[in-house]
Amino acid sequence: MWMMLKTFATFEQCTVWEDEIGKNPWLAKEQLVVKPDQLIKRRGKLGLVGVNKTAAEVRKWLAEHMGKEQQVGEALGKLRHFIVEPFVKHEPNEEMYLCIQSGRRSDTILFHHQGGVDVGDVDALAVRLEVPVDTFPTGEDVETVLLKNVKSSSNKRILTTFILALYRVYVDLYFTYMEINPIVITNERIYLLDLAAKLDQTADFICAKNWGDITFPPPFGRDAYPEEAHIADLDAKSGASLKLTILNKSGRIWTMVAGGGASVVYTDTICELGGAAELANYGEYSGAPTESQTADYAKTIFSLMCREKHPDGKVLIIGGGIANFTNVADTFRGIITAIETYKDALIQYNVTIFVRRGGPNYQEGLRQIREIGHRLRIPMYVFGPEANMTSIVGLALGQSPIPKEHQLDYAPKQLPKPKSTPKPQLDLPEFSHKFLDLVCVQSPTRADLGQAVGSTKPLFNDRTKAIIWGMQNRAIQGMLDFDYICRRAEPSVVAIVYPFTADHKQKYYFGNKEVFIPVFSDMDVAMRKHQEATVLVNFASLRSAYDSTMQAMQHPQINTVVIIAEGIPENMTRKIIKLADARAVNIIGPATVGGIKPGCFKIGNTAGMIDNIIDSKLYRPGSVAYVSRSGGMSNELNNIISKEADGVCEGVAIGGDRYPGTTFIDHLMRFEADPNVKMLVLLGEVGGVEEYHVCRAMRDGLIKKPVVAWCIGTCSDMFSSEVQFGHAGSLAGTAVEKAVAKNAGLKAYGATVPNSFDGLGAAVRQVYEKLVKDGRIIVKEEMEPPKVPMDYDWARKLGLIRKPAAFISTICDERGQELSYCGVPISQVLERQLGVGGTISLLWFQRELPDWACKFFELVLIVTADHGPAVSGAHNCMVTARAGKDLISSVVSGLLTIIFCKIVCEHRPPMIKLTKLLPYALVLDDASSPKVGGDRFGGALDRAAADFCAAYDKGQHPQEFVNEKRAKGELIMGIGHRVKSINNPDSRVKELKAYVQSRWPTWPVTRYALDVEAITTRKKPNLILNVDGIVAAAMVDLLRHCQLFTQEEGNMYIEMGTINALFVLGRTIGLVGHYLDQKRMKQPLYRHPWDDITYMSPLN
């Protein structure tokens, strides 16, 4: 038998000892173990574990350590969270070590029969069992390989069962690392005395239910901030990538950088120029966040900046590379919104802002942000892609003066430098051949494993055809525009797969020509009908990218799959790699923008808009091929290589995830075999060991072409606590994975490695000029690319064209990030609880009316919502519902009764007499017989308002008004009721009348209508002011006499039918109710009874 020990209690500063004893009585009865639970490694060696203690001793131990500052490596933090658990009595020789860790192609289970604090170098001592991805070890594997040094057969049996079950949990719950030290077997029970594990956070959408309520705490030495949680929540709800880590809340240097790779480059540069100690945050915003998301992100940064003053003021670096698809103007509008919100605080805290950005619509974005700086007189220095990406860092840190053309009369010409701090001393490994081979064995390539290697031929040419998964119209049109500017004979996209629609054709442009690309709901059908397609560009979301990629690789025609999605769980990516290895398929991604073959083919949004493609000369091939992890930085490389050399021959961004589908060496070996490529550029990154395969290839003569290389992430050694950079793979697990070590290794084996990213362009130029001088590159004459017509929508966004609008709307705007009613964002409508009345005031009257007016609208809707099933509108609605029609048809039939009655009455013969009394419009002639003379159902409000207005405006006495109507034989609209009378008043009218008399500043027309009522009720008691009459008169007073509208506006609203609109809106509520009532009761088709019809022959 075996079991896992789960009993423990947690203690924090606010924990009351007695309360915890009450909840966990075992605390007072057993010997205990106490230790901090704050992601601290090697707690035992640090003296942070109290073993075999009584409750009193544990309490004393907690008192001594709670809140104490503790140094752990370079990190300094406070001990705040502890766990206490029962002490398991055992002998030291019973302690064992167990670890499971994930790799690119397999999981490794490590076991050592001796464990505990003094286990030593387990990497060297432990026995290893490699478990290939998507397989499961057998009991025999575990027993004979891992447990060969365990003497006890009983313990071996228990451990075998436990390890197999543990590995199942490890896989099913998407762990990426788990270490148990020590693990103990006592009395045939297994105990986990200490455990550290890491979950793949991207698997939340799969494992959330099984994980339960789990939090991912920050590393020791760095506190968790609510602002970080807010941005994490914003990121989770967004299709963009939004990250924020607060390093030093009192820091002077703040960043807001677009792009995962760019954010690392900027941080590297800040640290290189001496700003590490004053760097306040690390973060990124990328993936085309919306204007409101960018505003939210910027406001969060500003709120943190403007809390503590700094004697030298503060700087904010708004940086980024050249965007591939993000509309720079849109995101900058979000930043501008935040600047306007915090303008006073930014000035008060002496904040200077530096901006550098490029990409789609960057000119407009830079113009707008430059203008806001001048208008608010906030020191703001704005640069575009003509400036080196990180040049603004030197300006911000005072390492160089502000250029003369950018100097401001209200800001200094040079900022203060940060206080110098010593750089950490790094122990770099000695790069011997043996060491290099040992590192490469940790992450073997396809060739190392004896697997089929993808073709060394170019992946793409000018005849490459692709299928796109996902309705990505902008990306597809961008690919076709690139095809056209490269003078391809036909488009590169042959089909689209989109499971959420029926098969159809989608229109795009190839130059000026319209082309139709078929859309299929089934990928297998698309593949079968387009055998010429060899590339799948997969825009599926992180939840469906795995399935669609695995499906695509079942088709032998596909040799390359590009996975755009970021955040695919690592275990899924490893399964993709396993199948790709077996089928010799090249995977680019996940978490990539793709790649480009100038003059031939581009993937999705790679390289951005046509203007950037032309500026970077990507419409024709150059001599330089590059491979990068970062998609955003690939566009920056396009820019650098076009300026410092003759341009790009091919470029690939392999993706920022921990396990990219193909690695640096895969592509560099292709480039080596391509005679058109003369030099190679590698942009590596902290984390992983893939760069060392490049070192080995250069050492072994497999790569002979000159290589220019730089690994970003050199700043990682400057931080006391662990920082997860923008890419999932940018995290060094060991010293050999650090960027500094990689740069040293690449340099040692012959690559040209600059001192920083700033020097990358100069390094490219140096190697390029040598190749030109040696005659290995022949400089070609530039050719003019074809002109690509600009899309109407984009031209309109750039302000290049104008056209008259077909409609004008002044009440509602849905174009921004948030719907607004007459300029009021919908969030404010809800937060301020404006209600239905407030909404009516905004949408109908284009202003916020006072509460008493809005409340009146709501009262009118309540009293007019329904008047029973007998009235014609409700009756017609019910009949239509019973005929099996839908809600809209039924409600419309009722509403049309209102309109029809109004039309009939307005076009009636001069004098029609009926014998039946009309409910809403009555007048008595001398014979006391009622006459039809006005609007019937639903039309009486407007006529009542017009009649009362006209009489009041003429100064006509109420008696004269009644006499005039009688003489003309016309009805007095708003007077009369079938049932109610002066002796049995209508409660609805009573409530509305009381409300008007108590709330209206003045109500002369309502008073006039009541005077008319006093006259008519003397004739007959049921000739009272009805609901139509009180609503009409009160609305006239609101529109004309309460100083909310001008006289002209008030008359206009009356004439337009605004008053009757309230009746229509209110009655719609009742009609919906009648429809639902009939459906709920499943009423059959209605047939009118024949005995209620008088049948007459025309002859009679």
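Ile-888 sits in helix 30 (helices are DSSP runs of H or I, at least four residues; strands are runs of E, at least two; both are numbered from the N terminus). Ile-888 is exposed, at 59% relative accessible area (exposed is over 50%, buried under 20%, partly exposed in between, with a 1.4 Å probe and protein chains only).

This is a predicted model: local features need pLDDT of at least 70, side-chain atom pairs count only at pLDDT 80 or more, and totals for chains, interfaces and linings use all residues. Residues are numbered from 1 along each chain as its sequence is written, and side-chain values use heavy atoms, without hydrogens or water.

**Backbone**

Tyr-174 has a positive phi, near 60°, and is not a glycine. Tyr-174 lies in the loop between helix 5 (153–172) and strand 10. Its relative accessibility is 12%, so Tyr-174 counts as buried. Glu-188 is also no glycine, yet its phi is positive, about 60°. The loop between strand 10 and strand 11 (189–192) holds Glu-188. At 38% relative accessibility, Glu-188 counts as partly exposed.
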